[in-house]
Amino acid sequence: MSELTHVPVMELLRASIDPASHRKDVVSKLDLPTGRLIAAAAHADADDSGADRLANLAGGLALAALGLSAEVASRGEKTLDKFLAGLEQAGDDEVHKLMVETIRGMLDDQGVEIMGRTLAQDQTRFLDLLLALTTYCGTSILSLQAIGTPADITLTDLEDALRDAGDEAEPAVTS
């Protein structure tokens, strides 16, 4: 994720810890601060006849969700696999299961493929997946804060990880 492309993901992660992003009394999840950011990316992509912004958000969110899962699991002295199994059992709706499948898929480079397939098959479900990942990331950041790691430290760590992942993904410049 280059300097330019990790910024929207970080904006979304910061919005994910805003209490207003966790309200249950909204008519549409797109009315939440996180939902508005995702909708803006979707509209901008539609204007460009592409999906670059949404794909960027999806990849960044999935990577952040994996990192947060590993951190929360280690704090609970669980393996990541056991943590993800418990997370999977914690929800029974289709989007929750897809979210866990995506996070698990990031372990073997299948997460982005899962999201791409979801986008191609059902755009509404894809947006729901992005919202679920965003909410999960926000809840994880707030959970870590509750046990002693300030949210700004976690966000800085996530930003560094996303920047590093982008650096690794970009081809080396040769002269």
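Which residue just after α3 takes a positive phi? Glutamate 77 does, with a phi of about 55°. Here is a short tour of this predicted model, in which local features need pLDDT of at least 70, side-chain atom pairs count only at pLDDT 80 or more, and totals for chains, interfaces and linings use all residues. Residues are numbered from 1 along each chain as its sequence is written, and side-chain values use heavy atoms, leaving out hydrogens and water.

**Helix α3 and its partners**

- Helices here are DSSP runs (H or I, at least four residues), numbered from the N terminus.
- With 24 residues, α3 reaches 35 Å from its first C-alpha to its last, close to the 34 Å expected at 1.5 Å a residue (1.5 Å times one less than the number of residues).
- The axes of α2 (residues 33-47) and α3 (residues 52-75) come within 7 Å and cross at roughly 145°; axes are lines fitted to C-alpha atoms, for helices over the stretch in contact, and angles run from 0 to 180 degrees between N-to-C directions.
- In contact (heavy atoms within 4.5 Å) are Ile38, Ala41, Ala42, Ala44 and Asp45 of α2 with Asp52, Arg53, Leu54 and Leu57 of α3.
- That contact of α2 with α3 has 6 nonpolar, no polar and 3 charged residues; Ala, Val, Leu, Ile, Met, Phe, Trp, Tyr, Cys and Pro count as nonpolar, Asp, Glu, Lys and Arg as charged, and the others, Gly among them, as polar.
- α3 also packs with α4 (residues 80-89), at an angle of about 105° and with axes 9 Å apart.
- The two helices α3 and α4 are therefore roughly perpendicular (65 to 115 degrees).
- Leu66, Ser69, Ala70, Val72 and Ala73 of α3 meet Leu80, Phe83 and Leu84 of α4, giving 7 nonpolar, 1 polar and no charged residues.

**Helices α6 and α7**

- α6 (residues 111-121) and α7 have axes that come within 6 Å and cross at roughly 140°.
- Met115, Thr118, Leu119 and Gln121 of α6 touch Gln123, Arg125, Phe126, Leu129 and Leu133 of α7.
- By class, the α6 contact with α7 holds 5 nonpolar, 3 polar and 1 charged.

**The largest pocket**

- The largest pocket holds about 430 Å³ of space.
- Its lining has 20 residues, with Lys24, Lys29, Leu131, Ala132 and Thr135 nearest the centre.
- A pocket is an open set of points on a 1 Å grid over the protein atoms alone, where a 1.4 Å probe fits, with protein on both sides within 12 Å along at least five of seven lines; lining residues have an atom within 4 Å of a point.
- α7 gives the largest share of the lining, 6 residues.

Methods
Grid points are joined across faces, edges and corners, and a volume is the space filled by probe spheres set on the points. Angles under 35 degrees count as roughly parallel, over 145 as roughly antiparallel, 65 to 115 as roughly perpendicular and the rest as oblique.
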